[in-house]
Amino acid sequence: MIISCTRNVDIQGDLYYILYKMIKRFFELQEKVLNYHPKANTELLKKAYSVAADAHMNQTRADKEAYISHPLSVAGILADMKLDEISIAAALLHDVVEDTDYTIEDINSLFGKEVGGIVWGVTKISKISDLDAENAQAETLKKIIIAMTGDVRVILIKLADRLHNILTLGALKEEKRKRIARETLDIYAPIAARLGMGKIKVTLEDISFQYSCPEEYDKITREIGVREEWANQKLEKFRKELKKNLRELGISGDIEYRIKRKFSIYKKLKKQNIDIEKVYDLLALRVVTKSVADCYVVIGEVHQRYTPLPGRWRDFIAHPRNNGYQSIHTTIISGDGIKYEIQVRTKEMHKIAEEGIAAHWKYKEGISFLENDQRLNWFREMIDAHKENPDPEEFLNLLKGDLIVKEIYVFTPKGKVVNLKIGSTAIDFAYAIHTEIGDKCYGAIVNEHMVSIKKTLNSGDVVEIVTRKNASPSLGWLKHTATSKARKKILTFLQQEENKKNIEKGKRLWSKILREYKKKYKIRIDDNEFRDRLRKIHYNEIETFFRDIGSNKKVLDKKTLGVIFNEVEAFEITPKKVRSKKRDQLYRMIRVDGYQDIDVKFAKCCNPIKGEKIKGFITLKRGLVIHRENCSSLRNVMQDRIKKVEWNEEAEFSQLVKYDIIVSDKPGMLSLISNITAKHESNIKKIENEAITQNSSKIKISFEISHVDQLKEIYKEFSATKGVFQVLRKRISEK
């Protein structure tokens, strides 16, 4: 589509009028971008709009609007944030791969990998099956949230996308409205809050509340309606009184007022089980001043003139929230007995409270400007702690818990403030100070009393960590941590310790093999030759090789030893041309569209199980390799090498799966695990127990299953078993 726009357009018919309106909106968008970024690449924006308009040409939304109106609205929201042209272009294209015939390869080719990467980040994963729509949705959210840690523009576009969808939610059916609204309250509004984007967060919450809980919304609306005229009169009167006080102090400032938001009232009523009359901050005013000094003068004057309520004073200027929010909050009782919440902040603080991470976006410096932003670092730490979880639904449940903004404020002996998640212990505090302090913590002094490191902390506690040289984390610590950072550091330490043991074990094993080869074959190999030959088996580091053979991840078979000792021909196994029984069995498991006789293998990257949606990828040397449909390995392959395949539901067969289960080292755990597999009629092929630390061990189990539903039930029971810390599915190739 060629973009053109003239003032004298001969509009004939609805289609021409719609095209005219959309093109006009695009040029308004472009003008908005040029106002804050005069050197923006307008050719990129025009090209993005042209492709998006062409792709969505025959599509409409549920509200009967032309579909292209949605990408334009999303791009407009980002332009209000003053984002760069890459973000605006990606916003215009964000639904193209998901809803049209364009592929991500097309977008990469037309716009480059930077735009393509963002578009791919916000693109939904296709439904795995009609029965697995919820799992597909969870997979999509997991994908988007992980992608945002690499490029924050992914989540900014997704938040803008969700904001526009919420604003037009009324056009959808009730069931879908409720589902989207609930998801918004659980995921997207908390993400906006964690990024400090108060304006978007408030809109998402207020509209979602209306659709997710219509009865509660109507009830609160009625109760506020009864009080609204009275409330506004009281607020206006108090605003004038406060304004007069500021003039007397010689301080200029803007004063706004509001009745507490309906969703905030709902949460408070639900949490505290009270009536609306007992909501202290129902009436609220905000004072926006020029300087921090003015803020403290104002709050001092307010406390001097009116009665402050005990326990309602919060200084978020001295102690900012983790999302960057700063303000002073207090609740006072006026002369006529009315309670008012008062917030005092500077103009800069107000901008950050409204816009959050987007407040200081600098298009000249691009994405690198935000790479070290504390809010993104928090997300990265949280997501790193959970992203290896194979169950997307469980990933999201953990994420929801971490997203809830409930913090405590704890002090070091020198007065430094440490923000922690509610429920944090001295272990969390130690890791918040420094990793080495966390790894060596032995006890804690809280408010001058010696306590266990497992002690739960409260706001206002003064905490000092006691360290010991020979102290170290144990798996049991994970039960007594609330922060993702502490959990990640503990697991990292335990993994490093296991790696050290495996490296030493690998060195001993390799020394034994070397002695045997020197004695039997008179073969000697120096360090440089050893390094060169390890590269042939894809090892760049000797210690990685030792670690893998020590943990049995790498098997030293004849072929591998032949490569290392430069005797490839002597030890290589010549493949047989005759079809093996294993190949016959594999081929009977699936049906291949268009092929009667082809080698079939299952991908080791995703280990597809019967019942999961699958695709076949034709390789040059290995025949047809079967992957799960959503396997990331298929993301960038040529589509003409993808074959339609399906499970042969008539054939009965079993597939091997392997799990490592980290458990408490107590009697009976091996029996509990084996009983679960037996209960679900699964045949155990191998099970063994290996000590990890003094208090924990690893159960390695291999068993056969006939369908993915059977595996899900087993996994669920493994995870729910008392004494089980972690359940990890292994690749079939892993030992």
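Predicted model: local features only at pLDDT ≥ 70, side-chain atom pairs only at ≥ 80, totals over all residues.
I looked up the largest cavity first, and its volume comes to about 40 Å³. For the record, a cavity here is a set of points on a 1 Å grid over the protein atoms alone where a 1.4 Å probe fits but cannot get out, and lining residues have an atom within 4 Å of a point. Grid points are joined across faces, edges and corners, and the volume is the space filled by probe spheres set on them.

Residues are numbered from 1 along each chain as its sequence is written, and side-chain values use heavy atoms, with hydrogens and water left out.

Next I checked who lines the largest cavity: Arg531, Leu534, Arg535, Tyr539, Asn540, Glu541 and Ile542. Helix 21 (residues 527-536) gives the largest share of that lining, three residues. Helices are DSSP runs (H or I, at least four residues), numbered from the N terminus. By class I have three nonpolar, one polar and three charged residues in the lining. My classes: Ala, Val, Leu, Ile, Met, Phe, Trp, Tyr, Cys and Pro are nonpolar, Asp, Glu, Lys and Arg charged, and the others, Gly among them, polar.

Then on to helix pairs. Helix 6 (residues 104-111) and helix 7 (residues 113-122) have axes that come within 7 Å and cross at roughly 150 degrees. So helix 6 is roughly antiparallel to helix 7 (over 145 degrees; under 35 is roughly parallel, 65 to 115 roughly perpendicular, the rest oblique). Axes are lines fitted to C-alpha atoms over the stretch in contact, and angles run from 0 to 180 degrees between N-to-C directions. Ile104, Ile107, Asn108 and Phe111 of helix 6 meet Lys113, Val115, Gly116, Gly117, Val119 and Trp120 of helix 7, contact being heavy atoms within 4.5 Å. I sorted that contact into six nonpolar, three polar and one charged residues.

Helix 10 (residues 174-194) packs on helix 17 (residues 392-403) at about 40 degrees, axes 10 Å apart. That angle makes helix 10 oblique to helix 17. From helix 10 I listed Asp186, Ile187, Pro190, Ile191 and Arg194, and from helix 17 Leu396, Lys400, Asp402 and Leu403. This contact has five nonpolar, no polar and four charged residues.

Last, I went to helix 9 (residues 153-167), whose axis comes within 11 Å of that of helix 10, crossing at roughly 140 degrees. Helix 9 is therefore oblique to helix 10. Helix 9 brings Ile155, Lys158, Leu159, Arg162 and Ile166, against Ile180, Ala181, Glu183, Thr184, Tyr188, Ile191 and Ala192 of helix 10. I sorted these into eight nonpolar, one polar and three charged.

Terms used: Helix = DSSP H or I, 4+ residues; strand = E, 2+ residues; numbered from the N terminus. 1 Å grid on protein atoms, 1.4 Å probe; cavity = no way out; pocket = protein on both sides within 12 Å on 5 of 7 lines; lining within 4 Å.
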